[in-house]
Amino acid sequence: MAESAESTPTPSESNLTCPRCGSSTSALKPVDTGTRLALQSTGMQEGEIPPAVCGSCIKELGGKISQGMKLRIERVNRDKNRAILWKGRVQLIKEAQEHMRNRQYAQAAISYEKYLRSLEIVFNKKKGELSPEVFNNSRRSKEVTVISSVLWDLVRIYDNSPRYTSRMKEAADKLAQFLPLSTIHQEVAKAAEGFLKQSKNPQIVKDFMRATKISIAKCFIASAVFEDPEAPEVLILRQFRDQRLKRSSVGRGLVRLYETVSPPLARSLRGNQPSRQRLRKGLRQSLSFTAGQLRRWT
Ligand SMILES: [Zn+2]
């Protein structure tokens, strides 16, 4: 191998040999996994498809595959890229944590951002649109805790620079969505109180603490009454809360009341089928009113 480094051709030379057709070429192109699988399914043997071939061989091999097959290849390659990203996220987290230990916060932030971006691509989400609902099966639910700890680190890193205030706000908003479903919820909620005293952006931290409480209340009520945090009724309630209630002092008082009463209410509702049904009916009625109000007010 030492000698191959010496004999590596410069781009102007064309002294590589295509292992398939034997002609000399300046560059060999890799035969991707999808193409390989498709060619094998047309009856070609593994040995007839070298790992990399010349440009004209790539074309020729491509011609042997039908259109339907080509679509399948694209899918395989896309799935493969996703699988690589999904696997690679672990390494990104390790890198970031290493940077955190060495107090290289800017580098840590870059690795964390790459990690979040990988997840967005894996789950086919636009930038900033990752949501906890994506992780709704048990295999993925652990990721919610990892994401929460990543966002919590990012919030604190961004806090250090006035240039990153808007990123801090975005990370804090996202964290409020993920945190209540994670296993580090109480730990972070407690740490946030300490962080509030030293933060350069205390308002963002306050908003985050408040939004987290509301997320928790939402989860309690929704799972108790509708047995589904994403029930349409719950979405309407949330909209009403965000668009209408928070704009007036009376509304804000109601939100506070809601935060206080909902966890114990939810606890007593669970295991009480008749009152749950009554409440569900009552909520549905007032929600159709709420939906009408929302349309008028917004
Ligand atoms: Zn060739």
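Predicted model: local features only at pLDDT ≥ 70, side-chain atom pairs only at ≥ 80, totals over all residues.
1. Residues are numbered from 1 along each chain as its sequence is written.

2. Start with the overall picture: the protein chain contains 12 helices and four strands (DSSP runs numbered from the N terminus, with H or I for at least four residues giving helices and E for at least two giving strands). Of its 298 residues, 21% are buried (20 or more other C-beta atoms, placed from the backbone, within 10 Å of a residue's own; 12 or fewer is exposed, and in between is partly exposed).

3. Next, look at helix 2 (residues 33-41) and helix 4 (residues 67-101), which pack at about 140° with axes 8 Å apart (axes are lines fitted to C-alpha atoms over the stretch in contact, and angles run from 0 to 180 degrees between N-to-C directions). That angle makes helix 2 oblique to helix 4 (under 35 degrees is roughly parallel, over 145 roughly antiparallel, 65 to 115 roughly perpendicular, and the rest oblique). Helix 2 brings T33, G34, T35, L37 and A38 to the contact, and helix 4 brings M69, R72, I73, E74, V76, N77 and K80 (C-beta atoms, placed from the backbone, within 7 Å).

4. Two loop residues deserve a look. R103, between helix 4 and helix 5 (105-122), has a positive phi near 60° without being glycine. R103 is exposed, with 8 other C-beta atoms within 10 Å.

5. N124, in the loop between helix 5 and helix 6 (138-159), also is not a glycine and has a positive phi of about 60°. N124 counts as exposed, with 10 C-beta neighbours inside 10 Å.

Key:
Contact = placed C-beta atoms within 7 Å.
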